[in-house]
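Here are my notes, in numbered points, for you to read beside the model.

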Amino acid sequence: MLRVCDLMHKGVNCCYPEETVKSVAKTIQASQFRSVVVVHQSGEVWGLISILDLVRHHGEDLEQLSAEDIMRPYMIDVDPQWPVERAIDIMRKRKIEHLIIIDPHAGPKRPIGILTTFDIIRHMSQIKTGTYEQMLRVYDGTSISSAP
Amino acid sequence: MEKKVMNLMRKGALTCGENMSIREVAQIMVVNGARYCVVTNGNHQVRGIISARSILRAFGKDLDQIMAKEILLPYTIAVTPNSSLKEAVDLMSRKKIEHVIVVSDQPGNKAVFGLLHIEDIVTDMAKD
């Protein structure tokens, strides 16, 4: 059985609720992630700002808006040991593309990673991890015979 | 001056045929690191777009048996390079889509001209 922790990627992009939306936009732009997790000073998850939530405020004064104003409160606790089907059901029902993974062992509401639709599609496409590295080894080196 | 779609759009787009299986479409997306694929017919006319969320709907089914035309989000609203950016952003938030297909404003021509990506709008927002 495929579990959430097999497909998710570890680590999240974080910001504090009082940060301006401008700085959230800069975080998203610089990191190439498509969401930012809003965390309290204590490290607990408060909400999620996806790239779509952010774009709704295009054209407004971003210095005057704070992350708390535009975030969606996040109430779903997805455990890394859940089967992937359960996580996909939540994504479909709520029409969201990002799920914050919360590990109960790391503390209450502590984010440890994110599962996105793209992570699942990578699994569905059945392209094996490591394929690109192998191709690079074939084509960039001096010796083609070192290819696996 | 009001910004237009042509200020932020990228020319060209990743496309697939309408009779391709979803597995192939997923592979095209993963290899190119894209979260969309524009579906065209034999005459290169736009039929619609497949996003990561539409492929997710087929999870657990036989991906080789489902065709791209069965899951695509049909292309209904024409956005041209001369449309206003606000209009396109409204369309994105209303339909919850991250990419908008831009077609040429010449009459009768429905080939893909380019694509407006959500990342480019965020880059514009992050600019000082």
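1. Start with A:Arg34, whose side chain forms a salt bridge with that of B:Glu119, at 2.8 Å from N to O. Do keep in mind as you look that this is a predicted model.

2. The side chain of A:Arg34 also meets that of B:Glu98 in a salt bridge, here with an N to O distance of 2.3 Å. A:Arg34 sits in the loop between α2 and β3 (35-39) of chain A, while B:Glu98 sits in the loop between α5 (85-95) and β6 (99-103) of chain B, so this pair joins two chains.

3. How many salt bridges are there between chain A and chain B? The count is three. Over all chains, a search of the whole structure finds 14 salt bridges.

4. Polar contacts are worth a look too: nine residue pairs make them between chain A and chain B, with both residues at pLDDT 80 or more. On the chain A side that touches chain B, the elements giving two or more residues are α2 (21-31), α3 (51-55), α5 (84-94) and α6 (117-124) of chain A. Of these residues, the largest share comes from α6(A), with seven. Sorted by class, this side of chain A has 17 nonpolar, seven polar and nine charged residues.

5. Now for the interface as a whole. In it, 33 residues of chain A are in contact with 35 residues of chain B. About 3400 Å² of area is buried between chain A and chain B, and carbon and sulfur atoms give 70% of that area.

6. What classes of residue make up the lining of the largest pocket? They divide into nine charged, five nonpolar and three polar residues.

Technical notes: Residues are numbered from 1 along each chain as its sequence is written. Chains are lettered from A and ligands numbered from 1 in the order in which they are written. Side-chain values use heavy atoms; hydrogens and water are left out. Contact means heavy atoms within 4.5 Å. Buried area is the accessible area (1.4 Å probe) that two parts lose on being put together, summed over both. A salt bridge is a side-chain nitrogen of Lys or Arg within 4 Å of a carboxyl oxygen of Asp or Glu. A polar contact is a pair of N or O atoms within 3.5 Å; within protein, one must be able to donate a hydrogen and the other to accept it, and residues adjacent in sequence count only if both atoms are side-chain atoms. Helices (H or I, at least four residues) and strands (E, at least two) are DSSP runs, numbered from the N terminus. Ala, Val, Leu, Ile, Met, Phe, Trp, Tyr, Cys and Pro count as nonpolar, Asp, Glu, Lys and Arg as charged, and the others, Gly among them, as polar.
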